[in-house]
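Hi everyone, thanks for coming.

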Amino acid sequence: MVGLYCDDHITWLHRWPAGRKLACMALLGTLLFIPATPAPLAAAALGCALLWLSLGAATRVARRLMASVLIAALLVAGFHLWMGRPDVAAVSALRLACACTLGVALTVTTPAAAVLQVLDALLAPLARLGLRPERVSLQLALMLRFTGHFFVQWQKLDEAHRLRTGRAGGLRLIAPLTVQMLQAARRVGDALYARLGG
Amino acid sequence: MTSSYNTVSRNASQSMALVALFAALMAVLGLIPKIDLPLGVPITIQSLGIMLAGCLLGARRGFAALALFLVAVAAGLPLLAGGRGGLGVFMAPSAGYLVGYALAAGVTGAVMALLPQGTALRTAASAFVASALGGVVFLHAVGIAGLAVLASMPLSKAFMADLLFVPGDLVKCVLCAVIVHTVAKAMPDWPFGGRAR
């Protein structure tokens with residue numbers, strides 16, 4: 001699976017089990033919302049910065065994502081400063097930056113499949129309510145397959161349109177694409193029934 | 001219905017395919033470049049996917065499609081507009097909108113099921129109303145609440161900031177209605193809003 005996960009540079013956080021990482025993140029993420037003064041959050045931000053630096057080159061894939069998060073935090077801070085609330089500015093910007101760092105750190109050090117496995121385990125009790133955890137994995141695979149199919153189908157329609165008119169199809173292709181994709185989904189549904197049904 | 005653990009009913013297999021299809025549609029719409037507004041909330045075409053999921057799939061499947069999409073995002077796939085993904089995005093100021101995605105698809109579908117669908121044109125009009133209620137009014141309400149909580153922004157300010165997106169989203173409602181009109185003409189047996197015909 002493609003993703004933001006980075007396995008070129010294995011760090012100490014890669015070696016943690018995904019479940020422990022998710023639990024830590026849930027706990028720390030909640031703790032971040034308790035303090036209302038900047039001091040404890042500044043300490044947390046320092047911790048997050050150290051965490052980030054300790055991951056070294058593994059964070060490279062997420063650098064742009066992180067930059068956009070920091071810009072968003074600065075904009076929030078700027079907004080509160082403009083409203084004349086420097087304390088709120090510091091608290092909300094630090095909180096955002098910390099929470100996002102934790103999330104991104106988890107994402108770059110944990111393969112998507114491992115997160116899904118934890119999710120499977122967490123969803124297991126819901127099986128009694130009719131939700132099948134193993135179906136979630138099948139549906140994710142189907143979803144990735146369909147994503148590719150959208151582009152194949154679009155290209156086919158665009159080529160056909162170019163042949164007829166000499167111009168790119170553009171937005172006019174949305175309607176035939178929708179109908180074709182809906183029909184494709186129906187066929188896939190039938191195929192699934194043929195294989196799994198009974 | 002399902003008899004044993006490994007078998008599925010025809011209805012369930014259709015559901016699985018359609019849910020996966022609309023989750024994929026969200027991913028495709030996310031690849032279309034986004035326009036960033038201040039406050040860290042980007043304008044994307046992804047909300048069109050929510051409206052379509054609600055109108056074409058109905059409340060239950062529409063919700064499931066968006067939930068599946070969000071699971072993929074949370075697992076670290078960079079599927080949100082601008083290649084964002086991972087758990088970090090669920091803690092950003094715009095996280096309210098993300099959680100709202102699934103709920104909004106459900107609301108859109110529920111409204112769509114209640115509205116008249118006699119002719120293709122009437123169905124399209126219903127789709128416009130349903131997507132305006134679910135994909136704009138409801139989604140923005142959840143998003144505003146998220147901005148207020150996550151960015152400690154006063155509700156009135158969050159509301160003003162949110163208004164920037166409303167014109168664009170109304171255009172998406174029109175687009176959604178146009179697509180529903182096409183589907184209604186091409187596939188007259190399509191159960192809009194999950195309604196059996």
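Helices here are DSSP runs of H or I with at least four residues, and strands are runs of E with at least two, numbered from the N terminus. This is a predicted model, where local features need pLDDT of at least 70 and side-chain atom pairs count only at pLDDT 80 or more, while totals for chains, interfaces and linings use all residues. Residues are numbered from 1 along each chain as its sequence is written, chains are lettered from A and ligands numbered from 1 in the order in which they are written, and side-chain values use heavy atoms, leaving out hydrogens and water.

Now to chain B. Which helix gives the most to the nonpolar patch? That is H5(B), with 4 residues. Areas come from the Shrake-Rupley method with a 1.4 Å probe, and for residues only the protein chains shown count as cover.

Our patch covers about 550 Å², and B:Phe128, B:Leu133 and B:Val174 are among its residues. Helix H5 (120-150) and helix H7 (166-186) of chain B each supply at least two. Take B:Leu133, which sits in helix H5 of chain B. Its relative accessible area is 40%, so B:Leu133 is partly exposed (buried is under 20%, exposed over 50%, partly exposed in between).

Over in chain A, A:Leu70 lies in helix H3 (residues 63-82). A:Leu70 is partly exposed too, at 42%. Its C-alpha atom is separated by 39 Å from that of A:Ala175, 105 residues apart along the chain.

Key. Patch = residues over 30% accessible without salt bridge, like charges linked within 9 Å, V, L, I, M, F, W, Y side chains within 5 Å. Salt bridge = Lys/Arg side-chain N within 4 Å of Asp/Glu carboxyl O. Buried < 20%, exposed > 50% of the residue type's maximum accessible area, 1.4 Å probe, protein only.
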